Amino acid sequence: MSSNVVPARKRPHVVVVGGGFGGLSLVRKLKRADVDITLIDRHTYNTFQPLLYQVATASLNPGDITWFLRAVRADQKNVRFVKGIVTNIDHQAKVLSLHGEVSVTYDYLVLANGVTTNFFGTPGAEEFSLPLYKRSQALQVRDRLFENLEEFAINGQDEDLRIIVVGGGATGVETAGAFAEFRNNDMPTTYPELDRARIHVTLLEMAPNVLGPFDEKLRAYAEKSLLKRDVDLRLNTAVKEVREDGVVVEKDGQTEFLSAGIVVWATGVTAHPTVLDWDVPQGRGGRIEVDEHLRVKDRADTFAIGDIAIGPDPLPQLAQPAIQGGKHVAKLIKAELKGKADRVKPFKYSDKGTMATIGKSSAVAEITYMPKLTGFPAWIIWVALHIATLLGNRNRFATLINLSSKYLFSGSHNAIVGETPYVVSKHKLEITPLEKQKAERRVLERKAASQRQS
């Protein structure tokens, strides 16, 4: 055993790995329980993943959607936080090993560490595409976007720039829609030297529809809404290879190379490779196998919840299954401490529905006990629900302000940007008052044409 050991407590010690939706749900449900809790995460913050794409498309600050995990102690004194990466689990001794020679003993262990991006073995995908699953990745997508735009503003005005989004699920649809709205609404003002018609947003999906789990009517609405925003939607199209300068796709047996400056990988998740060293049974996608109570099979006092868990009835990898799973395990632990575990019924997921947004005033929603919604009503519910679900009033207020600036005040084009490399002109470039006037005239003409279309 490591020399740096966190000793066992007098009260039962519950160790929670992962500060996501499920982990925090469980921690808070044990607030008044007679236990000590240690929350472990490789990051010091919780990320509200449903709004990551808003950071990637320069609409939100990363701080708007992240919450300091140590702040949980503000109203819960039986929990402490440890920043670390789990490297090994000794289930017999009930000891958790962390990177850096740190060990933590436990009485109950809850694995809520989530998953990571799955590239499905696609050649070049891991090397050259940009996943959208973590805060750092969203910032990388955002900075790459503006790096490309600044380069094209100086050197590529007569060339095409393509942004490719791989995956037609909710994340892919929302990201492609946000990119398209930025191109359509903001770039004519902020990048008048670029021809909007030469900036392409392409969404690739190997299935015949986007938003596969949704009702057929909602899928059709989403596709129509994407096309209305001039998204280059390519269905039944598989990505065969990702290269530094684009992707190779295949449709109906025919291959094609699509040149691209940015490739966002918004499809597929799998268990992190470190789980292989945790001595737990793994099923499809490397997810940890659990029973009807979310207890890890053949591992005493160990549970798994959220995306990392797979039970007899596979659940969607969304926030609600994780939140409800955390509450169930907390209830079971409290019952076991009182000797009443046999009274707790098996976990049953209550499906509250799902939704996705395509852009301003455009969304789809399947909410339990409500009719299927599209357009503005679905979008308003989407905005309200996402703001309400954020952790912390500061996050809610900041997100409300930034989204209001984006969606309600059409004259604002103030993108939230970071650093971009200095651009060196590849040819002689003279910027004259006449060229500025021409650029302004093009902007006015585009706006007038857009109004006529509306």
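Student: Before we start, what pLDDT do local features need here?

Tutor: Residues are numbered from 1 along each chain as its sequence is written, and side-chain values use heavy atoms, with hydrogens and water left out. Since the model is predicted, side-chain atom pairs count only at pLDDT 80 or more, totals for chains, interfaces and linings use all residues, and local features need a pLDDT of at least 70.

Student: How many salt bridges does the count come to?

Tutor: The rule asks for a side-chain nitrogen of Lys or Arg within 4 Å of a carboxyl oxygen of Asp or Glu. By that rule, the number of salt bridges is 14.

Student: Take Asp36 and Arg11: how many residues apart in sequence are the parts they tie together?

Tutor: Their side chains meet in a salt bridge at 2.9 Å, N to O. Asp36 is buried at 18% relative accessible area, while Arg11 is partly exposed at 30% (buried means under 20%, exposed over 50%, partly exposed in between, with a 1.4 Å probe and protein chains only). Helices (H or I, at least four residues) and strands (E, at least two) are DSSP runs numbered from the N terminus. Asp36 lies in strand β3 (residues 36-41) and Arg11 in the loop between β1 (4-6) and β2 (13-17), so the pair links parts whose separation in sequence is 25 residues.

Student: And Glu336 with Arg295, how many residues apart are those parts?

Tutor: The closest N and O atoms of this salt bridge are 2.9 Å apart. Glu336 lies in helix α7 and Arg295 in the loop between β21 (288-289) and β22 (302-304), so the bridge ties together parts separated in sequence by 41 residues.

Student: Which residues do salt bridges with shared partners join into one network?

Tutor: One link to look at is Asp232 with Arg234, whose side chains meet at 3.0 Å, N to O. Asp232 is partly exposed, with a relative accessible area of 24%. The network joined through shared partners is made of Arg162, Asp232, Arg234 and Glu256.

Student: Which residues gather in the patch of positive charge on the surface?

Tutor: Patch members have over 30% relative accessible area and no salt bridge; like charges are joined within 9 Å, and nonpolar side chains (Val, Leu, Ile, Met, Phe, Trp, Tyr) within 5 Å. Areas come from the Shrake-Rupley method with a 1.4 Å probe, and a charge is placed at NZ of Lys, CZ of Arg, CG of Asp or CD of Glu. Lys327, for one, sits in helix α7 (residues 319-337) and is partly exposed at 42% relative accessibility. The patch consists of Lys29, Lys327, Lys334, Lys338, Lys340, Arg343 and Lys352.

Student: Asp64 is buried without a salt bridge, so which side chain of opposite charge is nearest, given how buried is defined?

Tutor: Asp64 lies in the loop between α2 (52-56) and β5 (66-68). Not counting residues up to four places away in sequence, Asp64 touches Leu390, Asn395, Ala398, Thr399 and Asn402 (contact means heavy atoms within 4.5 Å). Lys and Arg count as positive and Asp and Glu as negative, with His and the chain ends not counted. At 5.3 Å, the nearest side chain of opposite charge is Arg394.

Student: What is the phi of Asp230, roughly?

Tutor: Asp230 is in the loop between α6 (216-228) and β15 (232-234), and is partly exposed at 42%. Lys94, in the loop between β7 (86-90) and β8 (95-98), has a positive phi of about 60 degrees although it is not a glycine. Asp230 isn't a glycine either, and its phi is positive, at about 65 degrees.

Student: Which residues does Glu147 touch?

Tutor: Glu147 sits in helix α4 (residues 135-155), partly exposed at 34% relative accessibility. Leaving out residues up to four places away in sequence, Glu147 touches Thr420 and Pro421.

Student: Last one: how far apart in space are Tyr221 and Ser412?

Tutor: Tyr221 is found in helix α6 and is partly exposed at 22%. Beyond its neighbours within four places in sequence, Tyr221's contacts include Ile358, Val364 and Gly375. Tyr221 and Ser412 are 191 residues apart in sequence, and their C-alpha to C-alpha distance is 28 Å.
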